[in-house]
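Hi,

Here is the structure I promised to pass on. Have a look when you get a moment, and my notes follow below.

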Amino acid sequence: MYQAVRGTMDILPEEQPYWRYVEQAIADISRLYGYRRIDTPIFEDTGLFSRSTGEYTDIVQKEMYTFDDRGGNSLTLKPEGTPPVCRAYIQHGLHNLPQPVKLYYICPIFRYDRPQAGRYRQHYQFGCEAIGDADPTLDAEVIDIAWRFYKSLGLNKISLQLNSIGCRQCRPVYLTVLKDYYAGYTDQLCADCKIRLEKNTLRLLDCKQASCRKIAESAPKSADHLCTECDEHFKKLQQYLGLLKIPFEMNHRLVRGLDYYTRTVFEIQPEEEGTQSTLGGGGRYDDLIEELGGKPTPAIGFACGIERIILNLKKEGVAIPVPDSLRVLIAYRGDAAREEAIKLAAGLRQAGISAVTTTGGKSLKAQMRQANSLNVRYAVIIGEDEVKAGTAVLRDMADARQETIAIGQLVERLR
Ligand code: HAM
């Protein structure tokens, strides 16, 4: 028997109301802030991700679904949404539009992660990117979108973690300070962190291993080593978040798992923390578009996993609107009645009323059981006598009241 591939899942009809609910909230929040939708292909040239997400990140080192196509090109299923949006921005000359260009997307993301609750090998992300402006107002706007989005969904037990990791000017200085600090602890670091110390120093700070975590707690803070411009930017952002009444916690260990970030980084966590808890995250990436061959173009964005949102909606017991169920089931007995049923179903649908006929010559009792289990509002019953009389029985399933009515009047009546 085939099973869905490990780390992937089917979204069955029972789950769909959650997805529609989240999608509606995404459409609403994007409209409110003036973000327009963009869709990019499921796969891209592998180089796009190794170049932008970062050669020494977990994503590029261990998690990409990479394959050669029949022409020998190395392609990769999208392991995150930001690089493709930047590629599209450059490719389609979006710098010619009024800046910043504000875009959002909903798309499947593929990462060869270790599957567990809230962590999948295919998951869906909602992301937004504001490209072409370095103003901290935009940082505040993107964080505001993230915050209001969760709130609009009814998620209240969340916290915002904030940090600034500086820019090309001040980061190297900070990294030297950080390396000096870690030099005193090399023999206590986990195997991954020993490599990070050389290849990706900043990520020493967010190692999940308890022993490394302890060392990171007392490490020098990037926010204390910012250049004047980055410091001003970070202070303004905090001031704007105050104006927007968005509470935040400074987290000097927050550096994010992707290499392109500059200055602002942030994450939204559920209050009750677990290993796979991050609901969403983002930050500024002022150098990325230039690194991909575009003009120097500052940008900031955010993305969140929809499955994790749904897990938290369930955990917090948020009530989800139930979609309308089917309105009418037409039950019948005999071939002549079946023909009336087929015509009536067509007429109801044409009038915009959802309707099904039963199939397979079941007893009327079995057909009524089906009407109950489908939760329809009305059943129409056409027996042999009714066919002869040109009538049908209309049953209101809510109160079991029945009336006999001319078949020709049913569509109008149900409308
Ligand atoms: P990320 O933090 O790698 O950022 O992913 C964003 C969100 O996707 C996470 O916070 C989490 O909710 C969800 N997520 C990640 N991996 C998985 C997984 N294996 N299973 C389920 N959910 C997952 C980015 O991808 C950046 N592109 C965000 C960004 C946009 N930065 C700037 N603009």
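This is a predicted model: local features need pLDDT of at least 70, side-chain atom pairs count only at pLDDT 80 or more; totals for chains, interfaces and linings use all residues.

Residues are numbered from 1 along each chain as its sequence is written, and side-chain values use heavy atoms, leaving out hydrogens and water.

The sheet is open, with 8 strands in the order E1-E5-E6-E11-E10-E9-E7-E8 and mixed pairing. Strands here are DSSP runs of E with at least two residues, helices are runs of H or I with at least four, and both are numbered from the N terminus; two strands pair if DSSP finds at least two bridges between them. At the edges are E1 (36–37) and E8 (249–250), each pairing on one side only. E7 (residues 158–164) and E9 (residues 262–270) are antiparallel over 7 bridges, and Asn 163 has Val 265 in E9 as its bridge partner.

Asp 144 sits in helix H5 (residues 136–153). Asp 144 is buried, at 7% relative accessible area (buried means under 20%, with a 1.4 Å probe and protein chains only). Its side chain makes a polar contact of 2.8 Å with that of Tyr 33 (N or O atoms within 3.5 Å, one able to donate a hydrogen and the other to accept it; residues adjacent in sequence count only if both atoms are side-chain atoms).

As for the ligand, one of its oxygen atoms is 2.9 Å from a side-chain N or O atom of Arg 111. E11 gives the most to the shell around the ligand, with 5 residues.

Best wishes

Terms used
Buried means under 20% relative accessible area, exposed over 50%, partly exposed in between (1.4 Å probe, protein chains only).
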